[in-house]
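Reader: I have a new model open. Can you walk me through it?

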Amino acid sequence: MLKTSRFRRGTVFLFVATAISFAFSAGAPAQAAAAKCGTVNLADNAWVGYEADLAVVSYIMKNNLGCKVVVKNLSEQVSWQGFPTGQIDAILENWGHEDLAAKYITKQKVAVDLGSTGNKGIIGWYVVPWLVAKYPDITNWKNLNKYASLFKTSESGSQGAFLDGDPSYVTNDAAIVKNLKLNFKIIYTGSEAALITSFRNAQAQKKPMIGYFYEPQWFLAQVPLVHVTLPKWTTGCDTNPKTVACDYPPYALNKVASAKFMSSGSPAATLLKNFSWTNADQNSVAKSLAVDKLSDDAAAKIWITAHPAIVKQWLGK
Amino acid sequence: MSVAMLSKPEKELKASVVKRYKVGIYLGALSAGFIFFAVLMRGIATLPLDTSSLTWFQSWLNNVSDWIGNNQNSNPFFTFFINVIRDSINAFVTGIQDLISQSIGNNASPLIGWLGIVVLLSFVAYTVANIRVAILVFVGLVSLGLLGFWQESMDTLALTLAAVVLALLIGIPLGICAGLFPRFEKVITPFLDFAQVMPTFVYLTPVTLFFLIGPASATIVTMVYAIPPALRITAVALHEVPWSSVEAAVSMGSTRMQALRKVQLPQAKRTMVVGINQTIMAALSMVTIAALIDAPGLGKVVVTALESLDIGKSFQAGLGIVILAVLLDRTTTAAASKVDAENSHLVSRVRHRQILVAGGIVTIAALLISRIYNWAGNFPGTGVIGSDIARYADDIVNWIQNHFVNVTNSITNGVSYGLINPIQNLLTNSPWFITGFAFVLLAMILGGRKLALISTVCVLGIVGTGLWSDTMTTLASVLVAAIATVAIGIIFGVWIGRSKRADQIMRPMLDAGQVLPAFVYLVPFLGLFGATRFTAIMAAIVYAAPASIKLMADGIAGVPASITEAGIAAGSNKWQMIVKVQLPSARRALALSTNQGIIYVLAMVVVGGLVGAGGLGYLVVAGFTQLNLTGKGLAAGLAIVLLGILLDRITQAAAARSTLERTK
């Protein structure tokens, strides 16, 4: 019997070997080669606004410049790690990250700041819209303690629950709650998916909810969350993370690219430098992606066809 | 997985066996004493730490990881050693990808097109297993294409194969060493525990620092998780070979090496194939996590779909992963039982050879066709069935959410207020030395002095990480999830163990529960149960219960026929049969399924951190995403490992004790 199994194994190997050598010898038809642009490695961070930037930029790179675009799905921190090794050429929408900028732009000089994407990032405290219709004064932080008991859940003990999202976003919420003496407990939901689902359910089931959120974000097109005003942000009011008692600063979202790639003379470098659009632009592409469930290319094509002049300007023509 | 270690404490135990009723009294006194002191001294020395604060140990870990980042390009260790490893793994993975998934050069399809792969793999399934498995493989692979994810599936398969081959190359030789030399096994066991319980998120960032973004990092992350089962089960396989047969061989003049090759390995073969099976499952369960560092394939689809909470699409891709898992599982399981049955092969040799030759010719033809014609190279169509499935999944989830949300909300609140909150309040408000001392005493009662020492080290280690309070938060949820898992394990395990039919119905669902990426069901669970600890517990149960059920069913089915027949003869009814005969006889399986249930629940702690459970899981995730929290994330990972070792050793001691009592 041992003999049989040996014979069997031998045959299988033989077949596989023959098959593979046949496969090598019979060639498939070749496609046209790519043009001068070469390869561009773009980081893909996990939120839909970023995806919208990426869809449009990579569509133009592929179709107008003939680049080969390699998209890498990475978290923000890991994306920055790709600059010194040449594995990432550009991050298209960066939210702050002073620590990483100091490390890779200022100290190691492997990355450069390409300036604003044109999008204004707003971070802050938001409540579900039905709540504002019922309690109009809830949008002022001074009234939050009055309503704290509304927000009590199984997770927050005797206090109101305040929901935080993905830990990669900058938050001062714990300090703000403490320093403004608000009767709330921070619940770390741990992901954007959990935060959005919570907001969506709260609105649908008419339950009170307050949490950390940001614009531009596709979800606001579905449920228009309402911004709660905190004490106004002034320069320096949030320098010490322990004593923060003010709102978040407005963020100018920026693009970051590998220094080496920017000096390579690739036409894609010019596009990255010139790329800039409004929150409304990004939201329209984001909606195509997240709500209408179009593919990246299809969503990009709709926007690009509608805005030829802007694209022309980006290409430096 | 930790099966190997079960038999060890037995010897030590024999000396210190305390009679059963005495143990019962001790445990009762211990619980009463713990609750009394915990309540009496509540709020004292609970060691809380703000989410954004760091202890010196955590800052030190931060500095270590910074140092590595800064020196990775100048230090010769990195430039030579690491680079060589990275380049060879990269070459290996991309080689397989070129073969089955990625179009190479200017060609539109990979070296072997879809038709070639389908026929080739079905043929391989036939040769290593049987015709039924071959048909299953054929249907399964085609349905992957119909789902619309042919290339992604093949990328996942390529990465899994690469990781499994490398894991076996490392795991089997080391496992043989561990099986032959008990001292080596002792040394390596803590490392295996570490590799299995340490959350992958903790080393995701460091791995990309060393091995860069790309296939090598993804493969290594997968390997770290897949090597332990390969190694452990190989060692168990060798332990199972009766020592007398080795002695007989040696006394007849064989050298030790010959005895290993001719006697031990052939006899251990069947269990070793089970090890390969578990290695594959472990590798597949890493698919979505590896996608966070750009591993290609189905995991990426799941992660991207999560961005826009696209439940349908993530389910569609998750289904692909389940199909791959079922195919690989059935093929290896059938191959294992064939190894067993090889000597009683009944099909005539000539006939068998004819089938093989015919199959081989068809395979070569299919490979050629898939190379020449485009329809056989790239899977035709755009996965219409796939998008239908996605839409149905969406509709079903929405329907459930709309109709049951009041029910699920009350369940969440009931369990949270009635069970989780009291346990968590007790644990987080109790002074650390009271809770720690209770653990050490428990270990002393169940396992003697040595286990008490191990427990002391674990407790002090957790205090040292600076995350005692967070660990207690996590422990509360872990306990609730573990209790539920064990209960489900017993109920379904008994049912499946007693009925072949139930086994056939439940098996595919159990497999699905084990390999369906948690990301797929997190969003629907969030919709039903909110961002709560209860959602985290539910996710943990979905993942852990299948392992518990399988082990329990195995134990019940393994109760010798002579015992059950005696029960029938004594006139027991069905209920008496289960409670008085089968469960007591399967006590060892019960203990093992409890142990594995807890370990699997711990593996989901990090996922819990993504849905609102807070505690250690959240800190690990935060460490993965924020530079200044890297050290804290590492410390949290360490605390999970220490908690895991603590719970593992204590339940194992309980397991060893219950088997010992049975055999006495």
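Author: One term to start. A residue is buried if 20 or more other C-beta atoms lie within 10 Å of its own, exposed if 12 or fewer, and partly exposed in between, with C-beta atoms placed from the backbone. Helices (H or I, at least four residues) and strands (E, at least two) are DSSP runs, numbered from the N terminus. This is a predicted model: local features need pLDDT of at least 70, side-chain atom pairs count only at pLDDT 80 or more, and totals for chains, interfaces and linings use all residues. Residues are numbered from 1 along each chain as its sequence is written, and chains are lettered from A and ligands numbered from 1 in the order in which they are written.

Reader: Fine. Helix H3 of chain A, residues 76-85: how many of the ten residues are buried?

Author: Eight, so H3(A) is largely enclosed by the rest of the structure.

Reader: Which ones are buried in H3(A)?

Author: Glu76(A), Val78(A), Ser79(A), Trp80(A), Gln81(A), Gly82(A), Phe83(A) and Pro84(A). Just after H3(A) comes Gly86(A), with a positive phi of about 75°.

Reader: Next, the contact between the chains. How many residues does each chain give?

Author: Chain A gives 55 residues and chain B gives 67. Two residues are in contact if their C-beta atoms, placed from the backbone, lie within 7 Å.

Reader: Which element of chain A supplies the largest share of the side that touches chain B?

Author: H1(A), with ten residues. By class, that side of chain A has 27 nonpolar, 21 polar and seven charged residues. Ala, Val, Leu, Ile, Met, Phe, Trp, Tyr, Cys and Pro count as nonpolar, Asp, Glu, Lys and Arg as charged, and the others, Gly among them, as polar.

Reader: Switch to strands. Is S5(A) enclosed or open?

Author: Largely enclosed, because five of the five residues of S5(A), residues 160-164, are buried. Gly160(A), Phe162(A) and Asp164(A) point one way, while Ala161(A) and Leu163(A) point the other way.

Reader: What does S5(A) pair with over five bridges?

Author: S6(A), and the two run parallel. Strands pair if DSSP finds at least two bridges between them. In S6(A), Tyr188(A) stands opposite Asp164(A). The chain gets from S5(A) to S6(A) through helix H7 (residues 173-179) of chain A, in a right-handed β-α-β crossover. Right-handed here has a rule: with the strands pointing away from the viewer, the path from the first strand over the helix to the second runs clockwise.

Reader: Which strand does S5(A) join by two bridges?

Author: Strand S7 (residues 210-215) of chain A, also parallel. There Phe162(A) stands opposite Ile210(A).

Reader: And S1(A) with S2(A): how many bridges?

Author: Six, in the parallel sense. Asn41(A) stands opposite Val70(A) in S2(A). The chain crosses from S1(A) through H2(A) to S2(A), and that β-α-β crossover is right-handed.

Reader: Now chain B. How many helices and strands?

Author: 30 helices and zero strands. Its radius of gyration is 26 Å, close to the 26 Å that the globule rule gives for 664 residues, so chain B is as compact as a globular protein of that length. The radius is taken over C-alpha atoms, and the rule is 2.2 Å times the number of residues to the power 0.38. Of the 664 residues, 52% count as buried.

Reader: Where does Ile233(B) sit?

Author: In helix H10 (residues 215-240) of chain B. Ile233(B) counts as buried because it has 27 C-beta neighbours inside 10 Å. Leaving out residues up to four places away in sequence, Ile233(B) touches Thr271(B), Met272(B), Val274(B), Gly275(B) and Gln278(B).
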